[in-house]
Amino acid sequence: MRIRLTLLILWPLAASAHIGSPNIYYEGSAGPYALQVIIRPPDVIPGRAEISVRALDGNVQGISVLPARWDTGTKGAPSPDPAQPVRGDTNLFTAELWLMNSGAYNILIRADGAAGSGSTVVPINSIATARRGMPRGFGTMLGAWAGVLVLALVCLVGSAVRESVLPPGEEPTRKRTWLSRAAMVVGAFVIAAVLWGGRAWWNMVDRDYRNNRLYRADDLKATVITNNAQLVLKLRRSNERGSGRSLVPEHGKLMHAFVVRQPALDAFAHLHPLRIDDQNFETTLPSLPAGRYKVYADITHSSGQTHTLVADVVLPENAATGFSRADEDDSWMTESSPARSDAQRKTCVLPNDFTMQQVGIGNARMQFKVVDSDGKPAALEPYMTMQAHAVVHSHDATVFTHLHPFGTVSMTSQQLFAQRERERSNKPFEVVCGLPARPDVIIFPYEFPRPGAYRVWVQVKINGQVVTGFFDHIAS
Ligand SMILES: [Cu+2]
């Protein structure tokens with residue numbers, strides 16, 4: 001009797017609020033200290049999140065970390081874990097935390113040092129994104145051992161019936177021998193039935209994990225219609241997997257949709273579809289070249305959990321005679337200049353003689369500069385309350401991330417948590433998002449998740465107009 005063991009692969013699925021880029025990057029102040037936080041969440045739940053905290057101004061003596069669920073907060077949480085200083089680096093601390101449930105979590109980070117103590121909160125999605133398999137060799141070995149055990153058990157039944165009541169030295173009768181063979185057959189059937197039942201039970205557990213506990217974003221369907229000589233993008237999300245929680249705005253919008261032409265990534269729009277109801281959203285489309293596009297829609301649930309929904313859509317030749325901007329913060333660009341041959345594109349010419357430059361990628365940061373024709377830093381106005389917005393998209397469309405100078409987290413979910421903490425404890429609880437912006441450089445805390453070719457769009461506002469620079473980067 002052979003045992004079939006279920007296979008074997010690590011199965012990475014569509015990841016969290018960002019696609020293919022599960023790590024969380026955050027820079028912000030904890031009281032008097034500037035911290036850079038990187039969280040590597042587990043891919044199965046319960047699982048351990050790895051947290052590393054770097055003190056950017058180097059006068060922190062101790063860091064402690066604490067996971068808090070969105071609904072229970074620090075009330076249901078254990079006591080904070082001290083993070084360990086990393087040997088050879090006086091400003092770096094690491095810790096591991098167990099995430100026990102799926103859903104929105106917040107990691108409270110407390111820094112202590114000569115200037116007193118301060119704390120901050122980094123929201124994360126606690127989601128299972130992988131299905132762990134058994135290595136093939138290990139499965140084969142266990143299967144072989146199980147086969148031996150089953151065989152031994154059948155023989156044991158046979159010998160028990162044949163010889164257990166036999167006085168020493170006597171031969172079993174013919175009848176007893178036949179009886180024992182019959183018992184072995186019956187025994188084999190019983191064992192087979194038990195194994196079959198076990199297999200059915202295991203498949204049930206596995207099915208439940210895949211259907212109910214493994215994270216999958218809601219499906220999104222995108223269609224384009226023509227209405228009053230304008231192209232309208234209609235988005236419909238199924239929320240049968242969603243918890244039915246209501247949506248909360250992120251920088252004042254319930255949905256941020258990024259429309260990116262595939263596979264050249266040469267047309268890009270950042271739109272804010274209007275909510276019709278919880279399932280349906282729509283927006284007018286600016287003039288984009290015809291072709292195949294991906295739509296990435298970022299939404300935030302009231303729990304603080306963020307989601308990126310993805311849809312494919314084909315845009316027709318734009319016969320629209322006019323375009324009235326549906327939302328004043330909508331912006332888009334098409335790449336009109338011919339693609340340059342160098343793979344690493346580091347400067348981008350913007351309207352009105354401004355230039356955007358990529359001035360450094362490394363140390364978990366991407367840095368950019370916007371200068372005018374004299375090389376002086378441009379005066380950047382807040383675009384949706386932010387100094388800048390960035391979108392990272394891999395050329396093979398397996399990675400999509402939308403981030404800001406404070407990092408890849410949702411500011412809304414951070415502030416919601418702080419607000420709930422105030423209500424729960426009746427004590428002041430303030431979290432300052434990010435670090436004070438520097439006028440000369442735009443810093444995004446981020447690392448490319450794997451080697452490959454990426455395009456990065458950076459959006460800023462100058463003289464009341466949103467401008468978008470784009471860069472190509474080969475990560476190794
Ligand atoms: Cu943004």
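Q: Is Asp112 buried, exposed or partly exposed, and why?
A: Buried means under 20% relative accessible area, exposed means over 50%, and partly exposed is in between, with a 1.4 Å probe and protein chains only. Asp112 counts as partly exposed because its relative accessibility is 27%. Keep in mind that this is a predicted model, where local features need pLDDT of at least 70, side-chain atom pairs count only at pLDDT 80 or more, and totals for chains, interfaces and linings use all residues. Residues are numbered from 1 along each chain as its sequence is written, and side-chain values use heavy atoms, leaving out hydrogens and water.

Q: Which residue forms a salt bridge with Asp112?
A: A salt bridge needs a side-chain nitrogen of Lys or Arg within 4 Å of a carboxyl oxygen of Asp or Glu. For Asp112 the partner is Arg110, with the closest N and O atoms 3.2 Å apart. Arg110 is partly exposed too, at 40%.

Q: How many salt bridges does that rule give?
A: The count comes to 21. Among them, Arg162 pairs with Glu163 at 3.0 Å between the closest N and O atoms, and Arg275 meets Asp278 at 3.1 Å, N to O. Salt bridges also link Arg131, Asp206 and Arg210 in a network.

Q: Which residues hold the copper ion?
A: Look for donors: N, O and S atoms within 2.8 Å of the metal (3.2 Å for Na, K and Ca); water is not among the atoms, so sites may look incomplete. Here the protein donors are His389 through ND1, plus His402 and His404 through NE2, lying 1.9 to 2.1 Å from the copper ion. Along the sequence, their spacing reads H-x12-H-x1-H.

Q: Is His402 buried or exposed?
A: His402 is buried, because its relative accessible area is 6%. His404 is buried as well, at 4%.

Q: What does the His402 side chain pair up with in polar contacts?
A: A polar contact is a pair of N or O atoms within 3.5 Å; within protein, one must be able to donate a hydrogen and the other to accept it, and residues adjacent in sequence count only if both atoms are side-chain atoms. The His402 side chain has such a contact of 3.0 Å with the side chain of Asp298, and another of 3.0 Å with that of His404.
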